[in-house]
Amino acid sequence: MAAPLSDQEKRKQISIRGIVGVENVAEIKQGFNRHLHFTLVKDRNVATPRDYYFALAHTVRDHLVGRWIRTQQFYYETDPKRVYYLSLEFYMGRTLQNTMINLGLQNACDEAIYQLGLDMEDLEEMEEDAGLGNGGLGRLAAAMNLHGLGYSVSGYWQVEEADDWLRYGNPWEKARPEYMLPVHFYGRVEKTDEGSKWVDTQVVLAMPYDTPIPGYMNNTVNTMRLWSARAPNDFNLKDFNVGDYIQAVLDRNLAENISRVLYPNDNCFEGKELRLKQEYFVVAATLQDVIRRFKTSKKNSSNPLSFDSFPDKVAMQLNDTHPAMAIPELMRIFVDIEKLDWDMAWDLTKRTFAYTNHTVLPEALERWPVELMETLLPRHLEIIYQINQNHLDCIASLFPDDMDRIRHMSLIEEDGGKRVNMAHLCIVGSHAVNGVAEIHSNIIKTDIFRDFSELEPEKFQNKTNGITPRRWLLLCNPGLADLIAEAIGEDYVKDLSQLQKLNELVDGDTFIRDISKIKQDNKLKFAQYLEKEYKVKINPSSLFDVHVKRIHEYKRQLLNCLHVITLYNRIKKTPSAPFVPRTVIIGGKAAPGYHMAKMIIKLITSVGEVVNNDPVVGSKLKVLYLENYRVSLAEKVIPATDLSEQISTAGTEASGTGNMKFMLNGALTIGTMDGANVEMAEEAGEENLFIFGMRVEDVAQLDAEGYDAMKYYKALPELKQVIDQIKSGFFSPRQPDIFKDVMDMLFKHDRFKVFADFEDYVKCQERVSLLYQDQKEWTKMVIKNIAASGKFSSDRTIKDYATEIWGVEPTDLKIPPPSEPREALEETLRAMKKN
């Protein structure tokens, strides 16, 4: 529990987490008690910790609402170009603390809760993580907000459990039933004199739920809109009336299943109808919403409507291929409903959409069977065929004899059944295509989409990912955030490039000691958490070696596991030899249908079982697998990490955002030259990262020569010992052959070449241990990494998208708070018009 503030501190305490004043604290307490009584209908005699969380959440939300309404008023008055970010994933994590920080209420709320005799940490732990995705795709989407809205769909072996994050309700969202919209499926296409008409469809209603997303200390509150499926009231009423009540209810449930659970993204799409339904459901509802906003804008409400200005007022970003159906859907609206001619509609569509690619793995690029699309969305398939025909006619006119090029660039693939290549659709239907790290963007230009890049080179760009320093420093690592503010001032929170000033302190003994102490405090706190949750006692002075991300073969958690076994064998061979204690922490989730990923988890936990219970090893080496890895758990582990594992095979990781979070929080990176690691090495200097392994060109050469895993197995004694132990059942004595599939993969079809990087990885880890023994030099390198992390702010990322793709100029103007008079808003509007 926080210590009470002195009277002087209560009167005024300013920090990067806001102001504490007697009035502020009293207002929070009053709001808390009001909501406990009148919203939750409880008193302190019967209220539960969850009730207290909800009371605080509603109190903080009260401070959002006026700003939220004022922001929408401001946008209506100024009529700026709006950005609509379409994503099937918005991986938001918890909202309470992030909102308190962005509104400058953290300190006042802390003090109010203390005075009420409650523990703020306990209340924050009551909040569920929003279950709206997994991995970096959803985190990137969560960061994107600028004059607009985000749209999505609501909803020791690894064991899947229901992620029922809405079980107790969500205090942050507001249902908008007045904006419920129809979404159509199935049916047929009818040709008339006026054009095509989609008829005899099955209708599902899309109910919008809005969540406020506050900016940092600027009174701006944008909106994330989630859509939930509802069956119409007359759904199968005929069946109900004739007595088939059960069937009517079952059919109604079937319609609403669209948003009941977000279909797992396992980077391997096999034509699942529910997934395609979800993708179209989001974009169909969203585009109706976008068109409504465009038609009711202040300009269009006073002038005759013209769609000529649509791309000047609307920018839509496709976050991966999941919302790709937005392209044929907008064409359907323009051509079939608004009666625009095809060429004009296509020009408007291309100028409106932009596409972010997130993967180079071929199995992760969506391809939908034509047969499925013909059944589910028949009119859209016709439109895609027409888009493709025009596209291929253009290629044939430029390259008349190049049939291979025409085949490679078609939106319709013929091999293995006719399928729509959604990435090709996104590229053809967008005016800009970007990767999310420099190396990734180069690969999609020169390899994955080379033919498209040669046709329209100006279309391809890079937008390196970023992370928000508000959540990933102020919220999760307040000690480090405050220390940096004391050293270089508070402005770095809005301009992360100012962290470069820390380079001036890299040799300062006091600053080195302070940075080291904060890291040790974070490690001690996390060690206590691990002991409580996992019943494993951790040495807090050991090197915390952390590998947390989605479980996938290309991310090479297997390589890490082989190194752990190598360390174990070295300790067993010479127990008295000097050894730098190490706690290896691995965490992440495997897609439910991804067998190999689940076997990797099983191997890691089996190794941990042996290592953690071996008395010869003791506290020298511990292995933990973090269950249910999520944003709130990341906020605990990242500040406590010494070594960040970013060890994907070069050329396979698009970018990564975990690597940036670790860097900002004072962890050193061991990694390959892949994804954003390349740019991190450029910013900090390669000598300040632990870089190992093959580069992209080495991987390509090895592919050309033919990768032979057996060669490495025979040449490297330590690798052979490790593999033999796994094969013999040393780590699984009750099921000796349980890891047979893992061994078969490593020897016969390992696309990600684990053995090829094993030797260099182990040697690099030896350099890690050597440096860790010199804590002063280690901490100097930590400071250099923190100082170099400014480029990886989502503020910079969003600004790059805004100016180079969306055609939107970010402004520093602050929207007046709701307490200010109307004149203040009008003054701001006048200033904006001058700009």
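**Questions about helices, loops and cores**

Biologist: Where is Ser793 found?

Modeller: This is a predicted model, in which local features need pLDDT of at least 70 and side-chain atom pairs count only at pLDDT 80 or more, while totals for chains, interfaces and linings use all residues. Residues are numbered from 1 along each chain as its sequence is written, and side-chain values use heavy atoms, with hydrogens and water left out. Helices are DSSP runs of H or I with at least four residues, numbered from the N terminus. Ser793 is found in the loop between α34 (775-787) and α35 (794-806).

Biologist: Is Ser793 buried or exposed?

Modeller: Let's start with the cut-offs: under 20% relative accessible area is buried, over 50% is exposed, and in between is partly exposed (1.4 Å probe, protein chains only). Contact means heavy atoms within 4.5 Å, and beyond its neighbours within four places in sequence Ser793 has contacts with Gly466, Ile467, Pro469 and Leu496. With a relative accessibility of 3%, Ser793 is buried.

Biologist: And how does Asp119 compare with those cut-offs: what is its relative accessible area?

Modeller: Asp119 sits in the loop between α5 (106-115) and α6 (120-125). Its C-alpha atom is 9.6 Å from that of Pro49, 70 residues apart along the chain. Asp119 counts as partly exposed, since its relative accessible area is 21%.

Biologist: How many residues of helix α26 are buried?

Modeller: Helix α26 covers residues 631-640 and is largely enclosed by the rest of the structure. Its buried residues include Val631, Leu633, Glu635 and Pro639.

Biologist: Which way does α22 run relative to α23?

Modeller: Helix α22 (residues 478-488) packs on helix α23 (residues 509-534) at about 165°, with axes 9 Å apart. Those axes are lines fitted to C-alpha atoms over the stretch in contact, and the angle, on a scale from 0 to 180 degrees, is taken between N-to-C directions. Angles over 145 degrees count as roughly antiparallel, so α22 is, relative to α23, roughly antiparallel.

Biologist: How many residues are in the largest nonpolar core?

Modeller: A nonpolar core is a set of buried Ala, Val, Leu, Ile, Met, Phe, Trp, Tyr and Cys residues joined through side-chain atoms within 4.5 Å. Phe690 is among the members that touch the most others, and its contacts beyond four places in sequence include Leu643, Cys764 and Trp778. Another core, of 28 residues including Tyr53 and Leu103, lies apart from it. For the largest core, the number is 205.

Note on methods:
Helix = DSSP H or I, 4+ residues; strand = E, 2+ residues; numbered from the N terminus. Parallel < 35°, antiparallel > 145°, perpendicular 65-115°, else oblique.
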